[in-house]
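Colleague: I have the sequence and the structure open. Can you talk me through what is there?

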Amino acid sequence: MTGNRLSGPLDDPAGDAGHAEHPPRVGFFTDTSVCIGCKACEVACKEWNAVPEDGLDMLGMSYDNTGSLGANSWRHVAFIEQPRSTGRQDPGFLGLPTGPTGTGLMADAVGPRLRASERGGSELGTGPLDGPKAAAEQPVGQPAEDLGMPAFSRPGDATGPESRTDFRWLMASDVCKHCTHAGCLDVCPTGALFRTEFGTVVVQQNICNGCGYCVSGCPYGVIDRRPDDGRAQKCTLCYDRLHGGLEPACAKACPTDSIQFGELDELRERADRRLAQLHDLGVGEARLYGNDPNDGVGGDGAFFLLLDEPEVYGLPPDPVVPTRDAPSMWRRAGAAAAAFALAGVGAFVSSAIGGRR
Amino acid sequence: MTEEPGADRGSQGRTGTSHAATELSGEAGAQAENEEALDRNAGADTATRPAPEGDSEEGSIGREAQLFQGSGLGKRRRRGGGGGGRGEQTVVPDAEFRSYYGRPVLKTPVWDWRIPAYLFAGGLAAGSSVVAAGADLTGRPQLRRAGRLGSLAGLLGSMYFLVSDLGRPERFHHMLRVFKPTSPMSVGTWILSAFGPGAGIAAVAELVPARWRRTWPARLLARSARPAGVSAAAIAPGLASYTAVLLSHTAVPGWNEVRDELPFVFTGSAAASGGGFGMLCAPVEEAGPARVFAAVGAAGELLAAKRMEQRMGLIGEVYRHGKAHRLRRASEVLTLAGLAGTVLVARRSRTGAAASGLALLAGSALQRFGVFEAGVESTRDPKYVVVPQRERLEQRRRDASAAG
């Protein structure tokens, strides 16, 4: 294997990692356009992998009470409410007077409070979003306790035009991307994170010593350390099930095939077809995310079809594996080391020349 | 749907068209807040929605301006969630971006104060070992002793901070299973492993009590002290500089963006602390080289830090505000004072030398804590991830369309 070992397109990550003979690379294609937000994937994942419960809290973010991916949530269903329709869908309110959506209000209520929390919202199942600091950031005239959720009722439930919203829900099941060039794997100093024969990225729990480097190495903010356990945790793409010839638990449980498991090459073709189909249907905003081997991480093993910009779903728009810049960083460090050594030698030489100082 | 496939990426939910939606809800007053919320989602709407009657455009702009201006919304105000572009362009020229309920995209580092403490301790160990080896070779016994002991203290501190910060400290030796060039932490583990014995032997040789000096183990130790100390000094530049890569080789914007300058900031800081420790502990007559080393290091650190601050774009915010800013300002003041003291008074006054050395040590430590804090802060706000990446994408798109 030559070239692109640190970044860029790489056809065979498992082979590059040293698996001489290995099965084809597998992954997920998550088609969010058919996600119904049932969270069966979250539950199935927790059940199969014995992932602990992470707090039962109301987060004030639509129906998302998980918050984010993390050590105790390897699947996370995002809920976004938007005052528009998808493609040519007619939600029944076109031309009618409609009321507001609460999404922006929710974001404004939730965001500042998250930043006031201990790890800035990086923790899972964030507790009640309250506190004097957050309240201080609330606009004047709006009570600090108001989480701003006027959109709890379904569109059309109440009578009167002010209660109606032209409305769509974006739901997306997020997961570890199993990158071609995985930031977490690259920086792991113990070899606990490794590339499997399936081309996926897994933490060996008997090796991980909880150094936490992978947490900062991941450009997607997926992997995290479990506080009471001390080790890094993330989706394994059900490595054990793959060995048994089974598909991962989340894909198995998904009732709409929003989560599709399979060989990556085949999934990419399937995604291209689905994208073309949606564009034909007038859903111009559909786009694929993470499918491009030329992106900053060499393409994701788990990629997505999204109906809005990635950041709306909490995904980075243009993630780059830090390893891409490793050669230049080490060159700079080498230059700095040389300057340091020169200063040290120079200090003594100059003193010797300068005489008894 | 008038948008074309592929064309929506840049045009959707941004700016300009936003006011269309404010008109949809005619009621004023109680609805104003909600309108604002609706407004930010509006860019995307215009494509699908029949153009509404313009009942109160001016009124809604007025209400909106009130909302933005009258409510103490500072620069931190931003849109989140599925929200679209900012409604009122003229009010707050803030970086415009969207996010998922304002949640951070990245995970905040799980490291705590022990990591910047390690950065300082490692730098001190590296700087001191260079001072010790030089003093040993040029016949400055008291400076040598100070350097060796400073090096040992830094080394022991480093090991404590590193191991205790692990999630599973009892598994620290798992670091020694592999050597991974792609992991700066693995590289650093081996640098520290190579540095440790030399620095340790040299320092222990200084600590042998007088009555044991005649015994054969003590004589062996005394004889191996010089090669051990020199070997540690030879590895010291690596120890002083790799920690910059350790931080920069992450997705943390506040550390990754400064990757070109950080090595120079950190090696300068290490030299300043090593030299400063020598000035603090050794008599003025012997500490000449330590003063030179400290002064060169401090000047290098200050220059590199200045350059780093000038070159930073949006990420500079996390260095210019809050705790990181306060720590680094204090560091700058102390380092400058230490530098001035080193150049002006440390040659003549023992007290002045000690004070300058202390100032340099404190400045070095605060620099590490400041840089660390800036990185942590940059992960707490999705802005620092989304905005630069979005700009990168737009730039690439412009380049592509210019080329094509």
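Predicted model: local features only at pLDDT ≥ 70, side-chain atom pairs only at ≥ 80, totals over all residues.

Colleague: What share of chain A and of chain B is buried?

Modeller: In chain A, 56% of the 357 residues count as buried. In chain B, buried residues make up 58% of 404.

Colleague: What about contacts along the sequence?

Modeller: Take contacts in chain A between residues at least 6 apart: 68% of them join residues at least 24 apart. For chain B, with a separation of 6 or more, residues 24 or more positions apart account for 76% of the contacts.

Colleague: What are the scores of the model?

Modeller: The ipTM is 0.85 and the pTM is 0.82. Chain B averages a pLDDT of 81, and 76% of its residues score at least 70. Over residues 1–93 of chain B, however, the pLDDT is below 50. That stretch still has 184 contacts in the model beyond near neighbours in sequence.

Colleague: Let's take one helix. How does the span of H9 in chain A agree with its 17 residues?

Modeller: Helix H9 of chain A runs over residues 264–280, and at 1.5 Å a residue it should span 24 Å. The C-alpha atoms at its ends are 24 Å apart, so the two values agree.

Colleague: Which residues in that helix are buried?

Modeller: In H9(A) the buried ones are A:Leu264, A:Leu267, A:Ala271, A:Leu275 and A:Leu278. Seen down the helix axis, the buried residues of H9(A) fall within an arc of 80°, so they line one face.

Colleague: Why would residues three or four places apart point the same way?

Modeller: Because an α-helix has 3.6 residues a turn.

Colleague: What do the buried residues of H9(A) pack against?

Modeller: They pack against four strands of chain A: E1 (26–31), E8 (259–263), E9 (287–289) and E10 (302–306).

Colleague: And which exposed residues are on the face turned away from the buried side?

Modeller: That face of H9(A) carries A:Glu269, A:Asp272, A:Arg273, A:Ala276, A:Gln277 and A:Asp280, which are exposed. Just after H9(A) comes A:Gly282, with a positive phi of about 95°.

Colleague: Which residues other than glycine have a positive phi? I know that most residues other than glycine have a negative one.

Modeller: A:Ala50 is one of them, with phi near 50°. A:Cys238 is another, at about 45°.

Colleague: Where is A:Ala50, and is it buried or exposed?

Modeller: A:Ala50 is in the loop between helix H2 (40–49) and strand E2 (75–82) of chain A. With 6 C-beta neighbours inside 10 Å, A:Ala50 counts as exposed.

Colleague: And A:Cys238, buried or exposed?

Modeller: A:Cys238 has 24 C-beta neighbours inside 10 Å, and therefore counts as buried. A:Cys238 lies in a loop too, between strand E7 (232–233) and helix H7 (239–243) of chain A.

Colleague: Over to the largest nonpolar core. Which residues touch the most other members?

Modeller: The core has 193 residues, and A:Cys184, A:Cys214, B:Leu239 and B:Phe293 touch the most other members.

Colleague: What is B:Leu239 in contact with?

Modeller: Leaving aside neighbours within four places in sequence, B:Leu239 is in contact with B:Gly122, B:Ala125, B:Ala126, B:Ile191, B:Leu192 and B:Phe195.

Colleague: Where does B:Phe161 lie?

Modeller: B:Phe161 lies in helix H7 of chain B, residues 141–164. B:Phe161 has 21 other C-beta atoms within 10 Å, so it is buried. With neighbours within four places set aside, the contacts of B:Phe161 are B:Arg114, B:Ala117, B:Tyr118 and B:Ala121.

Colleague: Last one. Why does B:Leu220 count as exposed?

Modeller: Because B:Leu220 has 12 C-beta neighbours inside 10 Å, and a residue is exposed with 12 or fewer. B:Leu220 is in helix H9 of chain B, residues 216–248. From B:Leu220 to B:Leu166 is 54 residues in sequence and 36 Å in space, C-alpha to C-alpha.

Conventions. Residues numbered from 1 in each chain as written. Chains lettered and ligands numbered in written order. Buried ≥ 20, exposed ≤ 12 C-beta atoms within 10 Å, placed from the backbone. Contact = placed C-beta atoms within 7 Å. Core = buried A, V, L, I, M, F, W, Y, C linked by C-beta atoms within 7 Å. Helix = DSSP H or I, 4+ residues; strand = E, 2+ residues; numbered from the N terminus. Expected span 1.5 Å × (residues − 1). Arc of directions from axis to C-beta. pLDDT = per-residue confidence, 0-100.
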